[in-house]
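Have a look at the structure first, then run through the points below.

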Amino acid sequence: MSNVLSLTTFLPILGVLLLLFIPKDSKGVLRNVTLAVTIVTFLVSLLILTGFQTNAEFQFVENVPWIAAGPFIMRYNIGIDGISLWLVILTTFIMPIAVLSTYTAVEEKVKEYMVCLLLLETGMLGAFISLDLFLFYIFWEVMLIPMYFMIGIWGGKNKIYAAVKFFIYTMVGSLLMLVALIFLYFKGMQAGITDFGLLQFFDLKLDMATQIWLFMAFAFAFAIKVPMFPLHTWLPDAHTEAPTAGSVILAAVLLKMGTYGYVRFAIPLFPEAAHKFAPFIATLAVIGIIYAALVAMVQEDVKKLVAYSSVAHLGFVMLGIFAFNTEGITGGMLQMINHGISTGALFLIVGFIYERRHTRLITDFGGLSKQMPVFATIFMIVTFSSVGLPGTNGFVGEFLILLGAFESQLRWWTIVATSGVILSAVYMLWVFQRVMFGELDNPKNQKLLDLNAREITIMVPLVVLIFFLGFYPKPFIDKMDPAIKKLVAQVRVASVNAMAIPCVDPTQMPAGVPASAMPPGHPAVNMPAGHPVVESPAAPVANPHAAK
Amino acid sequence: MENLNSYLIVSAVLFSIGTIGVLTRKNAIVMFMCIELMLNAVNLTFVAFSRYLGNLDGQIFVFFIMTVAAAEAAVGLALFISFYNNKESIDVDDANLMKW
Amino acid sequence: MFDKVWLIPLFPLIGFLINGLFGKKIKNEAVIGGIGTLMIFLSFLVSCGILMQMIGLPPEQRVFEKVLFPWIHSGNFKADMAFLVDPLSVIMLMVVTGVGSLIHLYSIGYMHGEEGFYRFFAYLNLFCMSMLLLVLGSNMLVMFIGWEGVGLCSYLLIGYYFHKKSAGDAAKKAFVMNRVGDFGFLIGLFTLYWWFGSNHNIWTINFVEIKAASHLLPFGGVVTFATLCFFVGATGKSAQIPLFTWLPDAMEGPTPVSALIHAATMVTAGVYMIGRMSFVFIKSPETMMVIAVVGAATAIFAATIGTAQNDIKRVLAYSTVSQLGFMFLAMGVGAFSAGIFHLMTHAFFKACLFLGSGSVIHAMHHALHKIHAHDDAQDMRNMGGLRKAMPITFITFLVSTIAISGIPGFSGFFSKDEILWMAFANSYHGNLNVVLWGIGAVAACFTAFYMFRLVFMTFFGECRINSKAKSYLHESPLVITIPLMVLGALAAVGGYIGMPKILGMLPNYFEHWLEPVFALANEYGSTYAHHGAHPSHAIEWGLMGLSVVIALIGIAIAFTMYVKNTELPGKFVAAFPTLHRVVYNKWYIDELYDFIFVNPCKAAGQFLWKGFDVLVIDGVVNGVANVVMGLSGIFRYVQSGYIYNYAFSMALGVVVMLGYYIFK
Amino acid sequence: METLFFLIITLVAIVSAILVITCKNPINSALSLIMTFFCLATYYVMLDAPFMAAVQVMVYAGAIMVLIVFTIMLLNIRIDASKKHSHKLIFGSIIGFFTLLNIAFVLMRSRAAVPTGPYSGDMIKNIGHTELIGKEMFTNFLLPFEITSILLLVAIVGAVILAKKKI
């Protein structure tokens with residue numbers, strides 16, 4: 001039980017070993033074994049869910065030495081808290097669905113494909129559970145490779161371009177992050193930190209200039225992955241070219257790496273800098289929401305449209321996260337899950353019709369409702385979930401994000417962002433109308449078959465979750481709440497400290513707390529238990545040579 | 001026994017000849033033989049130094065180099081055969097897949 | 001009974017699930033329709049029970065909140081799935097479930113033989129559930145579920161004939177315009193929540209709690225902003241200027257849908273919402289004025305368009321917009337209970353009118369179908385003289401028309417006159433009240449005119465339908481006429497529960513009933529109302545008489561133009577071609593919106609995609625790649641691909657490097 | 001006497017080495033190389049390393065060269081077909097020359113360390129070279145020695161796979 005987290009993470013690798021012994025021609029066996037492996041992984045991950053205590057601490061922690069190379073000490077340090085819990089579950093949940101969706105979609109190199117999927121799963125899970133910066137970086141890169149192959153080998157017409165673009169874009173960001181990470185480590189060494197353990201770095205006091213540089217490097221890496229507005233162009237290409245399962249995983253989990261990175265790393269590590277950059281990032285997020293919505297509106301390719309809608313949704317997530325309050329971050333986390341479910345479902349839906357018609361152009365469709373009623377119903381539910389209709393999951397997240405952002409100092413941003421709600425309705429409904437409504441005049445569409453049992457099996461869990469999260473998100477929120485509260489407190493404490501530095505605006509003080517309760521420069525206010533009292537920021541850093 | 005230097009000079013000369021051979025010949029097998037020649041030149045240096053310094057480590061090294069050379073010969077010649085099977089030639093100029 | 005309030009939305013939900021999931025397999029129309037109707041009727045019974053219980057309680061105990069389960073709790077924010085039962089919501093419950101049951105019943109007949117029969121009833125039940133959630137929601141968020149839920153159902157039902165492009169377009173338009181309103185609603189919600197939270201540490205969106213804390217709200221300022229945002233929400237849902245254009249298009253849906261959603265219930269949600277938060281709205285005189293002005297403007301504006309339409313349902317649609325304008329006028333002048341009263345009476349007579357028109361269309365369609373003609377079954381120019389063929393429909397239609405025109409004795413008179421009188425008498429807006437009254441009166445005149453035009457063109461005169469089809473015209477079956485009769489009766493007598501005091505025959509039960517809900521708002525309002533001389537009874541009698549006269553004038557004009565001198569309209573059109581064209585084309589509002597919003601958005605999308613995304617951003621990205629590739633194109637000459645070249649350079653490198661260390 | 005012998009051997013070694021790189025026919029090159037190897041074996045004997053000389057003859061002149069000659073014959077290569085390699089010859093000679101120059105400079109400018117090891121000529125003669133090598137090999141260098149076996153195994157497998165026509 002104690003190492004169930006490792007078990008979950010590395011079960012897919014065991015699955016890969018198993019796959020190696022299966023001849024490549026027995027495709028059915030390969031698929032079924034992979035499916036079984038992912039399902040088992042999901043079941044094992046449910047043990048994490050049931051064993052998870054609702055508190056703010058990291059749980060299922062495993063911390064053993066791994067690599068000790070000179071001054072660098074990397075540890076195999078993993079653990080899970082409310083923030084990463086649901087993302088892990090989401091990953092293990094999406095994987096069987098993704099595997100199931102490839103049963104007929106992928107006919108060539110099935111073995112390799114399945115190996116890629118399983119490797120990807122390990123990479124993603126590892127990144128979510130790493131509590132060691134270096135381990136995180138490794139998993140972060142591990143994810144990249146299978147995805148690269150999935151796009152590059154099983155992709156569409158322009159697959160090489162898309163794969164290389166995806167790879168290089170991400171790589172540029174992650175190399176910057178690597179540099180920042182090493183720099184951070186040396187800063188930590190000067191303060192007496194001996195390894196890459198994330199938690200120690202939370203207590204590390206950095207001066208503003210350092211924070212800004214490091215934050216910029218981290219934020220850039222994560223912004224590419226999210227992707228945020230000017231760095232998003234890899235996404236439509238990658239999505240359009242990737243096979244269905246690739247798109248689903250890319251949308252459902254991989255993009256969450258970026259936002260998760262902000263929540264887990266960039267913000268708590270460099271809180272003051274995060275506060276300083278909040279308006280900037282919020283601006284980009286809001287631009288992303290509106291921009292992506294406008295661009296999505298005029299797309300001709302359904303998959304590209306969904307890809308752009310992803311950009312808009314992730315813009316909401318970013319806005320919520322940078323509200324720095326419980327509501328906003330909770331909304332952001334929920335929206336990550338929601339986006340995983342609904343956009344994943346949308347990609348599956350696109351995959352279904354692509355498999356049938358081998359085209360994704362909107363103009364090739366029309367009137368499918370008549371021919372495919374079950375498909376139409378599911379598509380509609382998912383569409384409205386993506387639009388954020390109350391009662392579906394999309395609403396809860398979006399609402400909390402906007403509410404949280406409105407409460408914070410990002411009020412005007414929120415008002416602009418809220419108009420994205422209108423635009424999302426426009427583009428989603430428009431595409432729905434053009435694909436599903438109207439006359440069934442294309443003769444090729446008149447022979448289309450409705451969803452088969454396998455496809456319905458894929459969609460049903462997603463649809464159930466859409467409604468469950470929409471009507472009863474409480475269990476989800478409850479599990480993540482303490483961790484988010486802790487994060488908010490952590491960030492807030494830091495911002496109070498930052499008030500001693502003149503460059504930070506004192507109005508950043510959380511609303512609702514009387515000003516007298518928080519004299520500037522008094523750091524002990526609101527500090528959670530166990531959080532070491534930090535000296536005033538002006539105090540000199542600890543002896544740089546102490547670590548040696 | 002001659003002094004150390006004479007062996008070293010011989011070794012240097014053989015090594016240079018080997019180098020020239022590798023660089024000028026196109027026949028892969030001849031190139032391979034030249035490499036063997038260079039290895040042997042080095043071996044000679046090892047043995048000479050070993051003897052001069054009264055330390056057997058150098059000779060042990062020679063032993064290992066011979067092992068490596070044997071392995072190399074096996075793999076290298078296999079490569080040549082397979083190359084020849086594909087190209088009907090043993091000329092390194094025909095190994096031009098990397099050519100732009 | 002109050003405790004069972006959760007049953008009310010539950011029944012339609014069950015109906016929705018049964019019909020939605022298994023309807024296709026059931027196939028039997030009687031079963032499907034029966035389930036749908038039964039479920040909403042059960043809700044009606046529960047609502048009646050609640051009403052009865054509430055009547056038995058003293059006014060101050062008539063508020064009850066039922067928490068079902070916690071919904072979203074995060075940080076300070078708390079929203080439960082909770083229902084609020086108070087006099088206002090009970091009125092709405094009665095209207096929704098009552099009218100809803102009748103329309104369900106009607107639909108069984110009307111939708112007979114349609115392909116997606118089960119789908120229709122599933123949607124209708126879903127709609128009822130959403131509407132009931134909207135009405136019952138004890139906090140803004142539950143209300144918002146209903147608020148968007150009804151928008152969704154409206155989308156689904158307008159797009160019911162999805163194979164028609166116009167239906168799809170109309171559905172989308174309705175949803176998007178509603179979304180514009182929802183945007184306003186959300187911002188309003190955020191503003192109120194944030195203001196209470198940050199200033200008074202009251203983090204709530206619960207109506208009861210906000211009401212309790214409403215004395216903290218300032219007059220104007222942030223409240224104006226919030227309420228204006230809410231009002232944007234209301235204009236979207238209730239089809240007011242500037243977001244009204246979706247409602248006429250929504251007539252693409254089946255007629256029962258138009259009756260239920262786009263006349264009786266959903267479109268009144270905006271009015272209900274203002275009533276629900278009257279204590280907030282009244283705190284902002286500016287917003288009240290905006291509401292009144294927008295309401296009055298919509299009333300007259302839609303009425304003018306209504307005079308020139310030929311599609312029977314479109315006339316009714318514009319009439320609905322216009323009547324909603326009256327309701328907003330009432331809300332804007334602080335006559336909350338009058339507004340809700342008009343909401344109720346309007347639900348009766350407009351539902352009846354729509355169902356009646358549905359009956360007519362049904363008959364027309366049937367007749368035209370028999371002779372395989374492709375004439376438009378909804379165009380009034382093809383109708384005429386139907387009163388003989390369809391007596392029941394005619395009578396109920398006529399009663400409702402009289403009611404909507406404001407002829408004394410019928411329900412519409414009481415409510416409309418109350419609104420006009422309050423617009424005149426309530427002095428929130430200074431001297432604007434006279435103007436508002438004037439506009440309202442003229443709109444009432446137009447209403448009488450176009451409604452009677454409708455009646456005359458449809459039921460009187462010569463039958464203009466294809467003579468072969470004439471013999472096929474006959475009265476609709478009972479399942480259609482029973483709801484018509486019930487609603488017609490309600491349209492006739494429903495007004496007596498809210499009789500103006502001045503008439504003195506019956507006490508104004510209605511206003512009395514809503515007293516506890518709006519007392520607080522009226523109290524706040526009185527703090528800034530101009531305390532001039534209260535208009536006397538004589539003036540009230542005079543105005544009442546005047547409004548009756550105005551209505552009669554409208555009817556008279558309609559009679560002259562469409563019964564006596566049937567060539568008059570043609571002459572009129574010939575005399576003012578431009579005016580007619582503009583009015584007929586709805587003042588070109590749709591085109592204007594296309595020009596201002598839709599086309600620029602599309603153009604912006606195209607530009608941002610093709611211009612910015614592809615050219616600029618990807619241009620930079622690919623540009624970097626191209627620079628790298630260009631450089632490597634130069635450097636690749638170094639890599640000849642010949643083994644000896646590599647060997648050379650390697651040897652050379654070794655020699656040079658060794659040489660450097662040796663000779664240095 | 002010994003110096004003369006050394007000079008003769010050196011002469012033979014260098015001449016046969018030059019022949020290795022100049023002969024057109026690879027077989028001739030191979031035979032010349034064998035000659036060089038024998039000369040080297042002679043040097044090893046002169047350096048009191050008879051075991052190394054034996055291994056040199058057996059492994060190099062015996063095994064490896066047989067392999068090479070066998071390959072040449074198998075592939076039936078006669079004459080080095082390419083003609084134009086004059087510029088290559090010049091470049092190659094220059095680089096070879098400079099290599100020689102480098103080494104010469106090292107030899108001229110460096111000074112050998114003082115002998116420190118325990119193994120003097122007398123000791124080798126008394127105990128026996130093979131025994132000494134053997135002791136060294138199976139004590140201090142046991143692990144590397146064992147690892148060479150893996151290396152050889154890998155080489156065998158690799159050679160088999162590479163030389164097969166279709167894998």
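This is a predicted model: local features need pLDDT of at least 70, side-chain atom pairs count only at pLDDT 80 or more; totals for chains, interfaces and linings use all residues.

Where chain B meets chain C, ten residues of chain B and ten residues of chain C make up the contact.

**Chain D against chain B**
- Here 74 residues of chain D are in contact with 63 residues of chain B.
- On the side of chain D that touches chain B, at least two residues come from each of α1 (2-22), α2 (26-46), α3 (50-75), α4 (86-109), α6 (129-139) and α7 (142-163) of chain D.
- α4(D) gives the largest share of that side, with twelve residues.
- By residue class, the side of chain D that touches chain B holds 53 nonpolar, 16 polar and five charged residues.

**Nonpolar cores**
- The largest nonpolar core runs to 444 residues.
- Inside that core, the residues with the most contacts are A:Phe218, A:Ala266, A:Leu319, C:Leu329 and C:Ala351.
- Helix α15 of chain C (residues 336-370) brings the largest share of this core, 19 residues.

**Zooming in on A:Phe218**
- Which residues does A:Phe218 touch, leaving out those up to four places away in sequence?
- They are A:Met177, A:Ala180, A:Phe265 and A:Ala266.
- A:Ala266 is also listed, like A:Phe218, among the residues with the most contacts inside the largest nonpolar core.

How values were computed
Residues are numbered from 1 along each chain as its sequence is written. Chains are lettered from A and ligands numbered from 1 in the order in which they are written. Two residues are in contact if their C-beta atoms, placed from the backbone, lie within 7 Å. A nonpolar core is a set of buried Ala, Val, Leu, Ile, Met, Phe, Trp, Tyr and Cys residues joined through C-beta atoms within 7 Å. A residue is buried if 20 or more other C-beta atoms lie within 10 Å of its own, exposed if 12 or fewer, and partly exposed in between; C-beta atoms are placed from the backbone. Helices (H or I, at least four residues) and strands (E, at least two) are DSSP runs, numbered from the N terminus. Ala, Val, Leu, Ile, Met, Phe, Trp, Tyr, Cys and Pro count as nonpolar, Asp, Glu, Lys and Arg as charged, and the others, Gly among them, as polar.
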